[in-house]
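Some terms used for a protein model rest on cut-offs.

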Amino acid sequence: MFPLSLGSVSFPNLLPTPPMGFNNWARFMCDLNETLFVETASAMISTGLQEAGYNRLNLDDCWMAYERAPDSSLQWNTTKFPHGIPWLAHHLKAQGFHLGIYQDAGNLTCGGYPGSFGHEAIDAQTFAAWGIDYLKLDGCNVFPEHSRTLEEEYKARYAHWHAVLQQMHPPLIFSESAPAYFAETPNLTSWYEVMDWVPAFGELARHSTDILVYVGQGSAWDSIMVNYHYNTLLARYQRPGYFNDPDFLISDHPGLTLEEKRSHFALWASFSAPLIISAYIPGLSEEELAILRNEELIRVDQDALGLQATLASRGAEVDVLTRSLEGGDRLLAVLNRGNGVAMVKVPVEWIGLERGCTYTAKNLWDGEVQVVEEEMMVRLDSHATQVYRITLPEECSAVIPTGIVFNTASGNCLTDGDGGRVGFEACKGSDTQIWQVTELGNLRPLSRTSHCLTASSQISVELCTGHQDQKWTYAITGNLKTEGAKMCLTEGGGISQCGLEKDSQVFGLPSGVDVKSS
C-alpha cells in the first residue's frame, strides 16, 4: 500500500480527516474584512454548522497590505482588519474556531500583494505568532530559476515550504495549490508528476481549476462537474493525512438548483474531500443549511479510512461510485449527469459484493432503508445524486475492489471484447467494462469472471490460470505493470515499456486496490 502522507511534520496525524469550514474567495473574492469573519463565525454557531463540524475560517487573497514591514514581515490591511489578525484569531479561537490564511509561492499573490518567495521562514513564524494553524499556498507568479523546468521550480518552492513547516511546533496544516497550475495542459505528464510529490509535502492539494465564483460568467453546475471530473482521476493518492481538494462548496450560488446543491455536497462527501463553504453564511436558506448539516454525509466525509469513492461504472449520463467505510460498510453514490430523469439498475457485483446474500441499504438523504439482494433500482432527477450506506452481513462481509479501469487522459474504459480481444472504448456502463481486482492482482471482467486480463504477445482476456502474465501491480503513478513481462498497460499499444507518466499509461482503478509506491 502506498504509505500515508508524510505531511508537514512527517506524520499523518496532523489532518486525519478532511477540513471543514469557510473560505471567503468564491463568494466574496477580495471583499473580505474583519466584520465578515466575525459575522460568519456567529452565523456558523447559530445555524448549527459549527456543531456539525465546520470549525475552520480561512482568509483568502487580498487580506494583507501592499508592502512588507521594515523587518520584512507581512502586514495586514488595517482598513479591512482594524483590530488586527492576531485579535481575529484570538476572537475566533474563544468561540471554538481555527483561523487559516492565504499566501503565494511566487513573489506576488494572484491579487498583486507580497508573495512568500524569499520570505518563507519569516512568513511561517508570523502566521504562527498570529495564532494561525492553516496555510493555503497558491502558485501565481512562479517563474523558473537555476535552469529548472516550471514543474521543478514549483517542486523546489513547495519542498522548501515543507522544510520550513517541519521545523515548527506545532506546524501549520499545508494546503498546496501547485497541481492546479498544470491541470489544463494538453499533455498531463507534468500534472501527474506534480501530483506524485504533493502528498509528501502537505495535507491537501487543490488540483484543478478554480470553481466558479459567485459573480463569474458561465455555468456553476458545469464548473462543479469539471472539478468533480478531475477528482475522479486522482483517487490513488488519497489516504488519511492527505486529501485531494476539488475546491469550495458554493452552496448559495444563484446558478444552481437545490438538486444541484445537494449533488455538489453529496459528491464531495463521497470523495472525503474538504468541505470548505464559500457562501454568505448568514443568508443561507434552511434548505441549504439542511444539506450542509446532513449528519450521515458528514460522517461519510469524515470516515477514518479516508478513502475516495471511485467509479464502479460510467455510462453516457450516469456515474456509479463506491468505496469502503470504517466498520465494513460500503458506500454507493449514483450521479445523473444528464438533463432528464434516469432509472439506474445497480447489481450488487458492481458494488463489490457477492450475489446470494441479503444487504441493507440506507438512503443518506431521507434515511429510508431497503433490503437488497441481487440489485438496486435508483431513480434520479436531472443532476441528482443518491447516496447509500450498505451494511454487509458477517457471512458476506468480503469485498472485491470492482469498477472501471480507465485511462485518465482519454477517459476511455478498458473493455472485454469478442473472442478474447481487449481494448479501450468510450465508457458505456457495461459489464464488459467493469473489472474485479483480486488480491493476487488479477483483473477479471464482470462479463466473464472466470477469465483474466492477460499480457503475452498481445493484451487479451483468457481463462484464469495463475500465470505471471495475468498478475498486475498498480503504482502510485497510475501505471498497471504486468508481473510477467514487467511492462505497462498502454492505451493504443497493448503493453509497452513503462514511461514517465505517459498519458497512454496512467489509469484509474477501483477504490481498495493495493497501490505500490513505485
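Q: This is a predicted model. Across which strands does α9 lie, and at what angle to β16 does α9 run?
A: Helix α9 lies across β10, β11 and β16 (385-391). The helix runs at about 40 degrees to β16.

Q: What makes β9 and β14 edge strands?
A: The open sheet has 6 strands in the order β9-β10-β11-β16-β13-β14, with antiparallel pairing. β9 (310-314) and β14 (369-372) each pair on one side only, and these are the edge strands. From one strand to the next, the twist averages 25 degrees.

Q: How do you know that β9 and β10 pair?
A: Pairing takes at least two bridges between two strands. β9 and β10 (residues 318-324) are joined by 4 bridges, so they count as paired, and they run antiparallel. Within these strands, S313 stands opposite V320 in β10.

Q: Which helix packs on the sheet and touches β9, β10 and β11?
A: Helix α8 (residues 220-232) does, with β11 spanning 330-336. The direction of α8 makes about 110 degrees with that of β9.

Q: Why is W197 called buried?
A: Buried means under 20% relative accessible area. W197 has 6%, so the residue is buried. W197 lies in helix α7 (residues 189-201).

Q: What does W197 touch, leaving out residues up to four places away in sequence?
A: W197 touches E151, Y154, K155, Y158, E176 and A178. A contact here means heavy atoms within 4.5 Å. As for Y237, the C-alpha atoms of W197 and Y237 are 9.8 Å apart in space, and the two residues are 40 apart in sequence.

Q: Why does P274 count as buried?
A: The relative accessibility of P274 is 1%, and the limit for buried is under 20%, so P274 counts as buried. P274 is found in the loop between α9 (258-270) and β8 (275-277).

Q: Which residues are in contact with P274, apart from its neighbours within four places in sequence?
A: They are P18, P19, L204, F243, N244, D245, P246 and W268. T17 is 257 residues from P274 along the chain, and their C-alpha atoms are separated by 8.5 Å.

Q: Which residues does the UniProt annotation "domain: Ricin B lectin" cover?
A: According to the unreviewed entry, the annotation covers residues 402-510. Over that stretch the chain is 0% helix and 39% strand. The end C-alpha atoms of the stretch are 6 Å apart.

Key: Residues are numbered from 1 along each chain as its sequence is written. This is a predicted model: local features need pLDDT of at least 70, side-chain atom pairs count only at pLDDT 80 or more; totals for chains, interfaces and linings use all residues. Side-chain values use heavy atoms; hydrogens and water are left out. UniProt positions are given in the numbering used here, feature names are shortened, and annotations may be inferred rather than shown by experiment. Helices (H or I, at least four residues) and strands (E, at least two) are DSSP runs, numbered from the N terminus. Buried means under 20% relative accessible area, exposed over 50%, partly exposed in between (1.4 Å probe, protein chains only). Axes are lines fitted to C-alpha atoms, for helices over the stretch in contact, and angles run from 0 to 180 degrees between N-to-C directions.
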